[in-house]
Amino acid sequence: MTVDRLLPTPEAHDLLDLTRELITRELAGKADDFEARGEFPREILRTLGHSGLLGLPYPEADGGAAQPYEVYLQVLELLAGSWLSIAEAVSVHTLSCFPVAAFGTERQRKMLPDMLGGDLLGAYCLSEPQGGSDAASLATRAVADGDEWVVNGTKAWITHGGTADFYNLFCRTGGPGARGISCLLADAATPGLLPQPRERLMGLRAAAPAQIVLENARVPRDRLVGAEGEGFAIAMQALDAGRLGIAACAVGLAQAAIDYATGYAKERDQFGRPIGRFQGVGFMLADMATQVSAARALLLAAARLKDAGRPFSIEAAKAKLFATDAAMRVTTDAVQVLGGYGYVADHPVERWFREAKLLQIVEGTNQIQRLVIARSMTG
Ligand code: COS
């Protein structure tokens, strides 16, 4: 189904057309093979970067496209409707560029054109094996030693772990709690930065994360991003924007599921008519469509606040919560509309159903989103 989009500029329409063209040329028909092999499609990411899709919300002076966040999110939505692993990779990479783009030194910022152009792929290393939700308790420690930081610890669930060219390492450089955390920018070639085998996931296997073990990893002192002790605030700000990316991925995935289930419901005859004409199925499709429209409206409203320079973190939490829960319900119902066929790999809905689950967990579980929203209400 074509979604009637209100875009701010003619340029944004062109950008969405370019995205559709790239989807047809570079993504279509490839997901199943890559997902089955669990292979990360690095070259596709590079192509998207060279086409300008990896730096959309960043300034042109840094090599970005200076697009409003609401436009970037709609590009992500289209990508997710084709292949979620690619959309998630774009979202995580965009998040990973944030610390340097917003807080980097002149020298660090020299890397931005290659980051935003897709030649340097990024990873964001906040979570650890013993704690993801309680991010401020992280234990990876960085100790200054001459011109270097010596980093020890383990980072977990790192998208692009082992494939990335640069890693944002959130480490403890001071005392306990949020204020003891700093952000370091490490190259993949850093001695002692050791990517582990990738996790074996239920879905999104092409973008499976890995742990990163840091064993006396030596990062130059001038790779501190922002001030010492500022790392947690940087991480949280990156996540505020990143959560909108995950919400956009959820909307794209859910829209694909609706389109597929609707097509099936129009074709599949039972009891002498298409099953979509039965109220039980038609109402299900109507509820699916309504949830996705509501999710899209919520995430675009949050993005427009961000674009206007207004606080948006609570609205981003609501959008992530609502959109990813909606995607889970919608993909579950899409399987139901297809009946037995929904449960076999001949149709994509079983993959979308498995993939939707991850979106309720990453970049802050939906329980964490509720906590963020509730705290803003009750203090
Ligand atoms: N933007 C900027 N600063 C923020 C912020 C935000 N969105 N959220 C919190 N901060 C700041 C606070 O202002 C506070 O600063 P001060 O010390 O100067 O007062 C500091 O960070 C600590 O904040 P808070 O006390 O709220 O931290 P908590 O330990 O209670 O944790 C939550 C806050 C739960 C929201 C945070 O740990 C979180 O988001 N957890 C989930 C992490 C996550 O999403 N992981 C997924 C990683 S990617 S797969």
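The structure considered here is a predicted model, in which local features need pLDDT of at least 70 and side-chain atom pairs count only at pLDDT 80 or more, while totals for chains, interfaces and linings use all residues. Residues are numbered from 1 along each chain as its sequence is written, and side-chain values use heavy atoms, with hydrogens and water left out.

The protein is divided into domain 1 (10–116), domain 2 (122–232) and domain 3 (235–378); such bounds come from an automatic or database domain assignment. Together, domain 1 and domain 3 bury about 2000 Å², of which 65% is on carbon and sulfur atoms. Buried area here is the accessible area (1.4 Å probe) that two parts lose on being put together, summed over both. In domain 1, the residues that lose the most area to domain 3 are Tyr-69, Glu-77 and Leu-84, which account together for 30% of what that side buries.

Charged side chains also join the two domains. A salt bridge is a side-chain nitrogen of Lys or Arg within 4 Å of a carboxyl oxygen of Asp or Glu. Three salt bridges are counted between domain 1 and domain 3. Glu-70 forms a salt bridge with Arg-304, with the closest N and O atoms 2.9 Å apart. Helices (H or I, at least four residues) are DSSP runs, numbered from the N terminus.

The structure as a whole holds 21 salt bridges. In another pair, Arg-109 and Asp-62 meet through their side chains at 2.9 Å, N to O. This pair links distant parts of the chain, 47 residues apart: Arg-109 is in helix H6 (residues 106–109), and Asp-62 is in the loop between helix H3 (42–50) and H4.

Finally, attention turns to the ligand. Of the 19 residues around the ligand (a heavy atom within 4 Å), Ser-133, Arg-179, Asp-240, Arg-243 and Arg-375 come nearest. One nitrogen atom of the ligand is 2.8 Å from a polar backbone atom of Ser-133.

How values were computed:
Polar contact = N/O pair within 3.5 Å; in protein donor to acceptor, adjacent residues only side chain to side chain. Helix = DSSP H or I, 4+ residues; strand = E, 2+ residues; numbered from the N terminus.
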